[in-house]
Amino acid sequence: MPVGDYRIKEIRKVADGIFRLAFAGNMEAEPGQFLQVAVGRTHDPLLRRPLSIHDCVDGEVVLLFHPAGRGTNLLAEKKPGDSLNVLGPLGKGFPLPAGQTAVLVAGGIGIAPLFYLAKVLKGAGKEIVFLAGARDTGSLYIPPELPALAADLRFTTDDGSAGRRGLVTEELPAILDRIKGEVYACGPLPMLREVARIARNSGVPCHVSLEARMACGVGACQGCTVAAVAGDWQKYKRVCVEGPVFGSGEVIL
Amino acid sequence: MNAVDLSVQIGRLKLKNPVMPASGCFGYGEEYAPYYDLSRLGAIVVKGTTADPCPGNPPVRLAETPAGLLNAIGLQNPGAVAAAAKINKLGALGIPVIVNVAGHSTEDYCRAVRILETESTASAYELNVSCPNVASGGMAFGTRPETTAALVKKVRALTDRTLIVKLSPNVTDIVAIARAAAEAGADALSLINTLLGMAIDIKTRRPVLANLTGGLSGPAVKPVALRMVWQVTSAVEVPVIGLGGISNADDAVEFMLAGATAVAIGTANFRNPYACPEVIDGIAGYLRHNGFASVTEIVGLAKKERPGGEHGAGKTDYCP
Ligand SMILES: Cc1cc2nc3c(=O)[nH]c(=O)nc-3n(C[C@H](O)[C@H](O)[C@H](O)COP(=O)(O)OP(=O)(O)OC[C@H]3O[C@@H](n4cnc5c(N)ncnc54)[C@H](O)[C@@H]3O)c2cc1C
Ligand SMILES: Cc1cc2nc3c(=O)[nH]c(=O)nc-3n(C[C@H](O)[C@H](O)[C@H](O)COP(=O)(O)O)c2cc1C
Ligand code: FES
């Protein structure tokens, strides 16, 4: 998990509000792990920004991000050839499913870590159902390799401009009735709550990837906590080291 | 390459160099151990430890501000007994281990120190007097000379280990409080703790931090911290550990020139996990480059009046 300067190979907008950034480098990363990315070299913005690993192949690491504020907007201005200072991979990734099937549920930019997970699961011979939701067709990004990875790929938009109209979670109960696969989710908190509820009703394990404001990213500052279900004094868990992936029963969403 | 002497003395502690991580920014060392050999540090300062386990504040606990960071962690820690086990493990590093001690009543502090005296091999205590004192309506111990002195006296009676008092900058006269702490028996002072601040999210129209207010740290606070280190070291004899916004060796040298005998590095670790060893190397480089044989030669050097200079050593007032 060292700190390194990497050269940006490619950066481009792949959908409304979604950038794909590839940099040269070799990393051993589990799906669900993240990087702490320095968006500039000066004191402001001060902190690194946590971003999930979207892909990690021989000699290349890929990020997928939504310019949400000052830091990620600065990142979107980077050019190929620029150097990028990165700390990581950090955190605990997604565990492999016990059974043969996994159901991945991505909301918006939540597709970032789930694409890499799909790749690794496919490599491990697992069967994948992939549900991707977005606001509309413009902001829906389906990585070109994804259709070949998922046996069943479905998408949903809020306005019906692509795929089925509605929420990404609406099909989940029927799917879980049929296949009882382990569930993996990343997306906005309300979506994660709904996915966790459905998985609980279906009696299948559910893993969620959480976001929190971070400073150190390595467990030293206690800044990134989420409320834990455990009853002792340790009311809070650190998203950067005990997560970002949690069993949905471990944390209070 | 000429060897320069980086060693300094803080109370009974002999530090092989003047650089240590700041409390709360380095856990119990475990998290940064994979990055470098922690025995390179002059000392290690562990997080705020209370007598009983403390769950800390609910999230959101962090907010980034211009060149700064607001935190409201709420002293999350496993309590003095469990902390002692972690502290004792650090003994293997062969460097002084300084335990930051916090509480909400005099008895809280005393209980924590009593436990650490018997259960831990800590080399020193750093009293965090920025905590609200329940007995005086939540006003922090460190905001008044009398309450600071009373607390320091009580703890002083419990230990022969080095006692450092960490001053709060959220006061009108830090010099008066520094004097009170030194007279009450502190072996050294450290300053500054975080400055009280706030951030509001204009989208949700709510304060960002669940605790509403938080402590500001990072480069934004550096000039304030430097000024306070200058004032305090001009008024007291005990050594001072300077901190607040130090990001690199140049910043650290500034604090030492202002009068700090040692420095601590907090927020900078978050951006750069190698901040502490880089500052150690950078200080050595500065000394070598400028022909100093020992780091103690630069302590307070900015206060020495030069022939023809106009620097008034005692003068820190300013009228905007
Ligand atoms: C483990 C993890 C993985 C993530 N992966 C991705 C990803 O792959 N793609 C992506 O687009 N986004 C991802 N995020 C969210 C991303 O970190 C934030 O959108 C980003 O930090 C916002 O920074 P900013 O400067 O643009 O926004 P600002 O609002 O200006 O940021 C101000 C501060 O708040 C923090 N902050 C604001 N929003 C968030 C948030 N949602 N989560 C965490 N910190 C936040 C920032 O880091 C910064 O410290 C991830 C977050 C976490 C914790
Ligand atoms: C996340 C965080 C946690 C902190 N926890 C403590 C603490 O437990 N006890 C304490 O005395 N100071 C604590 N501090 C204050 C720092 O030790 C230091 O005084 C302050 O951050 C200024 O230094 P810096 O600008 O280098 O960070 C904390 C600071 C931060 C950022
Ligand atoms: S970000 Fe510092 S503990 Fe998680």
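Student: Where is Glu31(B) found?
Tutor: Glu31(B) sits in the loop that runs between β3 (19-21) and β4 of chain B, and please keep in mind throughout that this is a predicted model.

Student: Is Glu31(B) buried or exposed?
Tutor: Glu31(B) has a relative accessible area of 14%, and because buried means under 20%, Glu31(B) counts as buried.

Student: What does the side chain of Glu31(B) make a polar contact with?
Tutor: The partner is the side chain of Arg238(A), and the polar contact between the two side chains has a distance of 3.2 Å.

Student: And which residues is Glu31(B) in contact with, leaving aside its neighbours within four places in sequence?
Tutor: From chain A there are Val218(A), Gly219(A), Ala220(A) and Arg238(A), and from chain B there is Phe26(B).

Student: Let's move to the ligands. Where does ligand 2 lie?
Tutor: Ligand 2 lies between chains A and B, with 22 residues surrounding it, of which the closest are Ser23(B), Lys166(B), Gly218(B), Gly245(B) and Thr267(B).

Student: Which N or O atoms lie by the oxygen atoms of ligand 2?
Tutor: Among them is an N or O atom in the side chain of Lys166(B), 2.7 Å from an oxygen atom of ligand 2. Backbone N or O atoms also take part in this picture, with one of Gly266(B) at 3.0 Å from a ligand 2 oxygen and one of Gly48(B) at 3.1 Å from a ligand 2 oxygen.

Student: How much of the accessible area of ligand 2 does the protein cover?
Tutor: On its own, ligand 2 has 610 Å² of accessible area, and the protein covers 94% of that.

Student: How do the residues of the shell around ligand 2 divide?
Tutor: The shell holds 14 polar residues, seven nonpolar residues and one charged residue.

Student: Now ligand 1. Why is the site shared between chains?
Tutor: The site of ligand 1 is shared because residues from both chain A and chain B surround the ligand. Of the 22 residues around ligand 1, the nearest are Pro50(A), His66(A), Gly71(A), Thr72(A) and Glu211(A).

Student: Which backbone atoms lie by oxygen atoms of ligand 1?
Tutor: Pro50(A) has a backbone N or O atom 2.6 Å from an oxygen atom of ligand 1, Gly71(A) likewise has a backbone N or O atom at 2.6 Å from a ligand 1 oxygen, and a polar backbone atom of His66(A) is 2.7 Å from an oxygen of ligand 1. The protein covers 85% of the 830 Å² of accessible area that ligand 1 has on its own.

Student: Which elements give two or more residues to the shell around ligand 1?
Tutor: They are β4 (49-52), β6 (60-65) and α1 (70-76) of chain A, and β4(A) provides the largest share, which is four residues. By type, the shell around ligand 1 divides into 12 nonpolar, five polar and five charged residues.

Student: Changing topic, which residues are buried in helix α1 of chain B?
Tutor: In this helix, made of residues 80-90, the buried ones are Ala80(B), Ala83(B), Ala84(B), Ile87(B) and Leu90(B). They are on the same side of α1(B) because they cover an arc of only 110° around the axis.

Student: What about the other side of α1(B)?
Tutor: Val81(B) and Lys89(B) are exposed there, whereas the buried residues of α1(B) have a cover that includes β4 (44-49), β7 (97-101) and α2 (106-119) of chain B.

Student: Last topic, the backbone. Which peptide bond is cis at Pro45(A)?
Tutor: The bond from Asp44(A) to Pro45(A) is cis, with omega near 0°, and Pro45(A) lies in the loop between β3 (34-38) and β4 of chain A. In chain B, the bond from Pro59(B) to Val60(B) is also cis, with omega near 5°.

Student: And what is phi of Gln222(A) near?
Tutor: Phi of Gln222(A) is near 65°, which is positive in a residue other than glycine. Most residues other than glycine have a negative phi. Gln222(A) is in the loop between β13 (206-209) and β14 (225-227) of chain A, and at 9% relative accessibility Gln222(A) counts as buried.

Technical notes: Residues are numbered from 1 along each chain as its sequence is written. Chains are lettered from A and ligands numbered from 1 in the order in which they are written. This is a predicted model: local features need pLDDT of at least 70, side-chain atom pairs count only at pLDDT 80 or more; totals for chains, interfaces and linings use all residues. Side-chain values use heavy atoms; hydrogens and water are left out. A residue is near a molecule or strand if one of its heavy atoms lies within 4 Å of it. A polar contact is a pair of N or O atoms within 3.5 Å; within protein, one must be able to donate a hydrogen and the other to accept it, and residues adjacent in sequence count only if both atoms are side-chain atoms. Accessible areas come from the Shrake-Rupley method with a 1.4 Å probe; for residues, only the protein chains shown count as cover. Ala, Val, Leu, Ile, Met, Phe, Trp, Tyr, Cys and Pro count as nonpolar, Asp, Glu, Lys and Arg as charged, and the others, Gly among them, as polar. Buried means under 20% relative accessible area, exposed over 50%, partly exposed in between (1.4 Å probe, protein chains only). The arc is that of the directions from the helix axis to the C-beta atoms. Contact means heavy atoms within 4.5 Å.
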